[in-house]
Amino acid sequence: MVTIRAQGVVFSNIQGIIFDKDGTLENSETFLRSLGQKRSRLVDAQIPGAGESMSIAYGIEGDRLDPTGLLAVGSRCENEIAAAAYIAETGRGWLESLKIARKAFTEADRILRNTEDAPSPLFVGSLETIERLGKAGFKLGILSADTTARVQRFISHYQLDRYIEMGMGVDLGPSKPDPSLFVQACQSLGVAPERTLMVGDSPLDIEMARSAGAAGCIGICWDTPEAVHLEMADVA
């Protein structure tokens, strides 16, 4: 077990570190914004007016993506439900609304899969940090609101499996900030929550880890000089 110091804060007896993916290790804002816009346009093509409401809920603001918006922090399932809710406001039944939303999401995936062959780039310094921590003996994992398949693809593409022992997403189960996700991730790593740090760019990461009894929370805000949404982190 090792002591970690970050900006004057000391975390003692640490064995594991769990990272978020999007906005923490992967600079995926451009991709997520494109994905949200494509989903919204496909829905709007069938249900005029619904797409604009979706974009607002997703946190798409011109060429910027709100780091606290649904698209940045929510799971695919949560984003589908939000889209279906706006469709249902037009008077359609819930099952029909879900069907329309899911069809739009599947089509957006297909279109972007043909143009986005690789995951978004790593933030500068992310790879070096992971390598340094892995070589120091920490057990490292990734816990993302993305799907498990995309998390595994990210790890494989950047050959992080040399250091990352666990990659987990949110599929059909609970979503962040449910603490059971952090507990499950720790169990997969073979470390106790109270010996594990959470590193993420979302308040949901911080809330989840705190509720699960994590050793501490480190907030990441690459492009935001003042990240008020991370004020509950031990370090930001």
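1. Basis. Residues are numbered from 1 along each chain as its sequence is written, and side-chain values rest on heavy atoms, with hydrogens and water left out. As this is a predicted model, local features need pLDDT of at least 70 and side-chain atom pairs count only at pLDDT 80 or more, whereas totals for chains, interfaces and linings use all residues.

2. Surroundings of Phe154. A search of the whole structure returns one aromatic pair, where rings of Phe, Tyr and Trp (its six-membered ring) pair if their centres lie within 6.5 Å, with planes under 30 degrees apart counted as stacked, over 60 as edge-to-face and the rest as tilted. The pair is formed by Phe154 and Tyr158, whose ring centres are 5.5 Å apart and whose planes stand at 65°, so it is edge-to-face. Phe154 has 0% relative accessibility and counts as buried (buried is under 20% relative accessible area, exposed over 50%, partly exposed in between, with a 1.4 Å probe and protein chains only). The charged end of Lys21 sits over the ring of Phe154, 5.6 Å from its centre; the criterion is NZ of Lys or CZ of Arg within 6 Å of the ring centre and within 35 degrees of the ring normal.

3. Helix α2. Helices (H or I, at least four residues) and strands (E, at least two) are DSSP runs, numbered from the N terminus. In α2, residues 50–58, the buried residues are Ala50, Gly51, Met54, Ser55 and Tyr58. Seen down the axis of α2, these fall within an arc of 135°, so they line one face of the helix, the arc being that of the directions from the helix axis to the C-beta atoms. The face of α2 turned away from its buried side carries the exposed residues Glu52 and Ile56, and Gly59, with a positive phi near 90°, follows the helix.

4. Cavity. On a 1 Å grid over the protein atoms alone, a cavity is a set of points where a 1.4 Å probe fits but cannot get out, and a pocket is an open set with protein on both sides within 12 Å along at least five of seven lines; lining residues have an atom within 4 Å of a point. Grid points are joined across faces, edges and corners, and a volume is the space filled by probe spheres set on the points. The count comes to one cavity of 30 Å³ or more, and the largest cavity has a volume of about 40 Å³. Its lining consists of Lys21, Glu26, Pro119, Asp146, Arg150, Arg153 and Phe154.

5. Pockets. The largest pocket, of about 540 Å³, is lined by 32 residues, with Phe31, Leu32, Leu35, Asp146 and Arg150 nearest its centre. Helix α1 gives the most to the lining of the largest pocket, with four residues. The second largest pocket holds about 440 Å³; among its 23 lining residues, Phe19, Thr129, Val199, Ile218 and Ile220 are the closest to its centre. Helix α6 gives the most to the lining of the second largest pocket, with five residues.

6. Backbone. The peptide bond from Lys176 to Pro177 is cis, with omega near 15°, and Pro177 is found in the loop between β7 (164–168) and α8 (179–189). Asn13, which is not a glycine, has a positive phi of about 55° and is placed in strand β2.
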